[in-house]
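Dear colleague,

Please find the structure below. My notes on its aromatic rings follow it.

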Amino acid sequence: MEKNIKFPVVDLSKLIGEERDQTMALINNACENWGFFEIVNHGVPHDLMDNVEKMTKEHYKKSMEQKFNDMLKSKGLENLEREVEDVDWESTFYLRHLPQSNLYDIPDMSDEYRTAMKDFGKRLENLAEDLLDLLCENLGLEKGYLKKVFHGTKGPTFGTKVSNYPACPKPEMIKGLRAHTDAGGIILLFQDDKVSGLQLLKDGDWIDVPPLNHSIVINLGDQLEVITNGRYKSVMHRVVTQQEGNRMSIASFYNPGSDAEISPASSLVCKETEYPSFVFDDYMKLYAGVKFQPKEPRFEAMKNANAVTELNPTAAVETF
Ligand code: OGA
Ligand code: NI
């Protein structure tokens, strides 16, 4: 943690002008060596972000806090006498935008909050598609390649997980969110600009993803590791709890559609590939039970449908 490593921050405005090549190289390096980067000057209006943050915090207080405290009570987590490894210290709800929106089915959202989340979701969807094309360019894949793979017959799945990580009296006893890699495609995270907590695993050390006002944190999911034949990696990350402050995070997942066929891009495979080919939904069925386990056995299991049962997926988690 104390190592002097600089988390990659990419200024997207530099894609226009003489620093374009350098900026593309920075993105490529981040995708190859971090699985994460943080973007600024991304075009999402700052006042919209401020509004979304303010309304998410109000919504938590009004509609979520009591439920979170009830959960602590019912799970016996109020006193945290020993380390807890099967529960996360988080309060969440999920919005789906694509293929069909559920925005109007979520209870307790004000009209203004819904409108802001719809606008925010649309802008992040466009940003995700622009970022996928930047990845294509760096990978030597034709423009639109990743978007096309993700499309399947029904279009991509795009959803937002709205989370709050309330202050925790004993952070050493429980994680806000246990270590995992994300299953899907590309993830865009709008995180609290004051309360930190997100960490990624790099070369055996947990590194903080620093809060940076109005930035968006990008990370790559397991599908991009498969499609790029391992050139890009999905990286383990987790959220640690804090004694002070409630951390807000809004994670938007741009994933393949359920029937999208995923396989390593042929131009990125030299001899044989170590990665499997599969239908995305089959991967998600497996992932739901083994999210908090390493990804390698998942990839292995997908090569052999019978092996999936050996991984013994049990606890289903709600996830994108
Ligand atoms: C996730 C995740 C991080 C965060 O939901 O998959 O990694 O900061 N979230 O909420
Ligand atoms: Ni994640």
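In these notes, buried means under 20% relative accessible area, exposed means over 50%, and partly exposed lies in between, with a 1.4 Å probe and protein chains only. The model is predicted: local features need pLDDT of at least 70, side-chain atom pairs count only at pLDDT 80 or more, and totals for chains, interfaces and linings use all residues. Residues are numbered from 1 along each chain as its sequence is written, and side-chain values use heavy atoms, with hydrogens and water left out.

The whole structure contains eight aromatic pairs. Rings of Phe, Tyr and Trp (its six-membered ring) pair if their centres lie within 6.5 Å; planes under 30 degrees apart count as stacked, over 60 as edge-to-face and the rest as tilted. Phe 7 and Trp 34 form an edge-to-face pair, because their ring centres are 5.6 Å apart and their planes stand at 80 degrees.

In Tyr 283 and Phe 299, the centres are 6.3 Å apart and the planes at 35 degrees, so this pair is tilted. Both Tyr 283 and Phe 299 are buried.

Lys 202 lies over the face of Trp 34, 4.8 Å from the ring centre, and Arg 178 over the face of Phe 292, at 4.0 Å.

With kind regards

Key. Chains lettered and ligands numbered in written order. Lys NZ or Arg CZ within 6 Å of the ring centre and 35° of its normal.
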